[in-house]
Amino acid sequence: MKQNQLLVLVTLVAVAIVAAFVVLTNQDEPQQASETRGEHVSIQGQPTLGSSDARVSIVEFGDYKCPSCKQWGETIYPKLKADYLDGQDVSFSYINVLFHGQESILASLASESVYRQDPDSFWAFHKALYDAQPASAKHDEVWVTEERLVELAEATTDVDLVAFADDLTEESTVLEQVSRDDGLVKQHKVAFTPSIMINGVMLEDPFDYEAMKRLIEENR
Ligand code: CA
């Protein structure tokens, strides 16, 4: 009899603990463990599709040298664009990450130069740059060169090519923009690329489109 009472008590306590845990979990982490909550990213001065004060702000921290970023742009981004980016309440911004050294810096300077000189052509240049990344790219394979960047800018933008080429050198007028992006990468503890943040929440898996949709819907 006593053993039965004890068993009931233990069961009740266990149920209470589970219930408390569920309540706490729901309060703190409604989106389970697929993301990490942080500060909202400042998108001021960043290339942004949609309104800069949209209710939902999606930020990609990307690196033109990163094969996963190319893959993300070819697989996840088109879904995102079709489902959300043509409306009013969701925006998408791109911030440069410099994890792959000199070529990352060069590509970032190029994209910032285009954004400064001809912002309407930014996304066309951005896509052309990822398209130019060899499909089988290894991290050490050199493909971002000044010559290639000028070719891409000539094909996709109306920038002044001399000023653009100057922006790829030490005389660059957009060093500050690249440096600001690098500051945001550190501030938001970006550890891998691509990293996707939605209203300050970092997705643990940028390729988990269902988790992304859930977060967007919750914030809309
Ligand atoms: Ca930027």
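Modeller: We begin with helix packing. Axes are lines fitted to C-alpha atoms, for helices over the stretch in contact, and angles run from 0 to 180 degrees between N-to-C directions. Helices (H or I, at least four residues) and strands (E, at least two) are DSSP runs, numbered from the N terminus. This is a predicted model, in which local features need pLDDT of at least 70, side-chain atom pairs count only at pLDDT 80 or more, and totals for chains, interfaces and linings use all residues. Residues are numbered from 1 along each chain as its sequence is written, and side-chain values use heavy atoms, with hydrogens and water left out.

Biologist: At what angle do α4 and α8 pack?

Modeller: The angle is about 115°, and the axes of α4 and α8 are 9 Å apart. A crossing is left-handed if the near helix is turned anticlockwise from the far one by less than a right angle, and right-handed if clockwise. The crossing of α4 and α8 is right-handed.

Biologist: Which residues of α4 and α8 meet?

Modeller: Contact means heavy atoms within 4.5 Å. On the α4 side are S108, L109, E112 and R116, which meet L175, Q177, V178 and D181 of α8. By class, this contact of α4 with α8 holds 3 nonpolar, 2 polar and 3 charged residues. Here Ala, Val, Leu, Ile, Met, Phe, Trp, Tyr, Cys and Pro count as nonpolar, Asp, Glu, Lys and Arg as charged, and the others, Gly among them, as polar.

Biologist: Which residues are the protein donors of the calcium ion?

Modeller: Donors are N, O and S atoms within 2.8 Å of the metal (3.2 Å for Na, K and Ca); water is not among the atoms, so sites may look incomplete. For the calcium ion, the protein donors are Q46 (OE1), E112 (OE), D181 (OD) and D181 (OD), at 2.2 to 2.6 Å. Their spacing in sequence is Q-x65-E-x68-D. Q46 belongs to the loop between β1 (35–37) and β2 (48–49), and E112 to helix α4 (residues 102–117), so the pair ties together parts that are 66 residues apart in sequence.

Biologist: Are Q46 and E112 buried or exposed?

Modeller: Buried means under 20% relative accessible area, exposed over 50%, partly exposed in between (1.4 Å probe, protein chains only). Q46 has 3% relative accessibility and therefore counts as buried; E112, at 4%, also counts as buried. Buried residues make up 42% of the 220 residues in the protein chain.

Biologist: How do α3 and α9 pack?

Modeller: Helix α3 (residues 77–85) and helix α9 (residues 209–219) have axes 12 Å apart, at an angle of about 20°. That makes α3 roughly parallel to α9; angles under 35 degrees count as roughly parallel, over 145 as roughly antiparallel, 65 to 115 as roughly perpendicular and the rest as oblique. The crossing of α3 and α9 is right-handed.

Biologist: Where is K189 placed, and where is N199 found?

Modeller: K189 is in the loop between α8 and β5, with phi near 55°, a positive value in a residue other than glycine. At 69% relative accessibility, K189 counts as exposed. N199 is in the loop between β5 and β6 (201–203); phi of N199 is near 45°, again positive in a residue other than glycine. At 12% relative accessibility, N199 counts as buried.

Biologist: Is the peptide bond from T193 to P194 cis or trans?

Modeller: The bond is cis, with omega near -5°. P194 lies in the loop between α8 (175–187) and β5 (195–198).
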